[in-house]
Amino acid sequence: MQNQLVNHLSQFGKLSEKDIDLIANNTTLINFKIGDIFVEAGKNVNKVGFVVYGVFRYFFYDKEGNEITSFFMSENDFVTNVNSFYEYTPSSGTIVAETECVVILISRENWELFSKEIPNWNSILQTITNKTLLTKTNFQRKLISQDATTSYLDFLKQYPTIIQRVSLIHVASFLGITKFSLSRIRKQITLE
């Protein structure tokens, strides 16, 4: 399964056989059950995962105590709190497994080893991080100016496999609408 990680990284830069062996020998395959926490709010993050299978959800609580879904991570995404990991600060939110998940785990020590030993590691990861943040920012920016139906249709286009695997209440939270509004939109689209 480490091949999936290597194949993904190779889309963004060249890896030598030595680099590939280093990655294979310094990563671990971990299974998560539904509800298992990958990152806990208030704790420092010392690991990064690469999702082989499954869906994770990043959420936080607003000042009224409402759970707000901020992001979903699924196959071929990295899962971590980037700010917490790079800044050595407590995570502002929680990342939880929404489905059964299989992850290639990279500890902070091995991440730093890869940074030192793999010539293209930092540029590859910077490219992936920039692409991910740009996608997330552009999607969230559109949510502000669109009606709920358009936002839902865009969600289906952007994340086609997630809708069948996560709770509708979490999708509604991500879109900034109520579960009832989402149900009405889904029913309306089905009837058309």
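**Close-ups of a predicted model**

View 1. Strand 6 and strand 3 (residues 47-53) are held together by two bridges and run antiparallel.

View 2. Reading across, the strands come in the order 1-8-3-6. That makes an open sheet of four strands, paired in antiparallel fashion. Look to the edges for strand 1 (28-32) and strand 6 (78-79), each of which has a pairing on one side only. Helix 4 packs on this sheet, where it touches strand 3 and strand 8 (101-107). The direction of helix 4 makes about 65 degrees with that of strand 8.

**View 3. Helix 4 also meets helix 5.** A pair of packed helices is described by two things, the angle between the axes and the distance between them. For helix 4 (residues 108-117) and helix 5 (residues 121-145), the axes come within 7 Å and cross at roughly 115 degrees. Which residues of helix 4 meet helix 5? They are Trp111, Phe114 and Ser115, and they meet Trp121, Asn122 and Leu125 in helix 5. Sorted by type, the residues of this contact are four nonpolar, two polar and no charged.

**View 4. Leu153 has its place in helix 6.** Helix 6 covers residues 148-158.

Key:
Residues numbered from 1 in each chain as written. Predicted model: local features only at pLDDT ≥ 70, side-chain atom pairs only at ≥ 80, totals over all residues. Heavy atoms only, no water. Axes fitted to C-alpha atoms, helices over the stretch in contact; angles between N-to-C directions. Contact = heavy atoms within 4.5 Å. Nonpolar A, V, L, I, M, F, W, Y, C, P; charged D, E, K, R; others polar. Pairing = 2+ DSSP bridges.
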